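This report describes a predicted model.

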Amino acid sequence: MTFRFARHTNDLERIKSFYTSVLGLELLGGFENHNGYDGVFLGKQDENWHLEFTKSDDIVDFNFGEEDILVFYANSKLEFELIHEKLVANSIVFIAAKNPYWNANGKMFLDPDGYRIVISHLKIK
C-alpha cells in the first residue's frame, strides 16, 4: 500500500521550500493548472509515502487542532540532531505538545501553514 497525505495551502512555494530546505524532503513531482490546481509531491525516493500540497484560487481558512500532527521518525540519532540543527538555524520555534508523549520523545513545531509537526528521536518498532 502507498500512502499520500494531501493538504491544500495558500502559499505553495513557501510550503515546498520549508519541507525541502528545512526538513530535507525531496521534490518527487508536481503539476500546474490541473483543473485549476497547482501541486507538489514531497517525500523520499523509494519510500511508499509522500505528501501532496495543492493550491488553487480558493483561500484556505486553516482550522488545525492540537492533535492534528505529522510525525516523522528520524532513522538515527545523527539524523535527528541534523534536522534539529537545521530547525534552529532557520529560527523555527519549538512548541509544547498537548500529548506529553511527544514532549518527551521529540520536538514539535509548526509548518508555515500552522500545521503541527513532530520530529521524533525514537525509531518505529
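## An enclosed strand

Strand 8, residues 116-120, is largely enclosed by the rest of the structure, because 5 of its 5 residues are buried, buried here meaning that under 20% of the relative accessible area remains. The burial concerns both faces of the strand: Arg 116, Val 118 and Ser 120 lie on one side, while Ile 117 and Ile 119 lie on the other, and all of these residues are buried.

## Partners of strand 8

Strands of a sheet pair through backbone hydrogen bonds, in either the parallel or the antiparallel sense. Strand 5, made up of residues 69-73, runs parallel to strand 8 and is joined to it by 5 bridges, with Leu 70 standing opposite Ile 117 of strand 8.

Strand 7, residues 106-110, pairs with strand 8 in the antiparallel sense, again over 5 bridges, and in this pairing Lys 107 stands opposite Ile 119 of strand 8. Strand 7 and strand 8 form a hairpin with 5 residues between the strands, and in this hairpin Gly 114 takes a positive phi near 95 degrees.

An open sheet is built from 4 strands in the order 1-4-3-2, and its pairing is mixed. Its edge strands are strand 1 (residues 3-8) and strand 2 (residues 26-34), each of which pairs on one side only. On average, and with direction ignored, neighbouring strands of this sheet are turned by 20 degrees against each other. Helix 1, which covers residues 12-22, packs on the sheet and touches strand 1, strand 2, strand 3 and strand 4 (residues 49-55); the direction of helix 1 makes about 5 degrees with that of strand 3.

Within this sheet, strand 2 and strand 3 (residues 37-43) pair in the antiparallel sense over 6 bridges, and His 34 stands opposite Tyr 37 in strand 3.

## The largest pocket

The largest pocket has a volume of about 690 Å³. Its lining comprises 24 residues, of which Lys 44, Trp 49, Val 71, Phe 72 and Tyr 73 lie nearest the centre of the pocket.

By residue class, the lining of the largest pocket divides into 16 nonpolar, 3 polar and 5 charged residues.

Methods. Residues numbered from 1 in each chain as written. Predicted model: local features only at pLDDT ≥ 70, side-chain atom pairs only at ≥ 80, totals over all residues. Heavy atoms only, no water. Pairing = 2+ DSSP bridges. Helix = DSSP H or I, 4+ residues; strand = E, 2+ residues; numbered from the N terminus. Axes fitted to C-alpha atoms, helices over the stretch in contact; angles between N-to-C directions. Contact = heavy atoms within 4.5 Å. Buried < 20%, exposed > 50% of the residue type's maximum accessible area, 1.4 Å probe, protein only. 1 Å grid on protein atoms, 1.4 Å probe; cavity = no way out; pocket = protein on both sides within 12 Å on 5 of 7 lines; lining within 4 Å. Points joined across faces, edges and corners; volume = space filled by probe spheres on them. Nonpolar A, V, L, I, M, F, W, Y, C, P; charged D, E, K, R; others polar.
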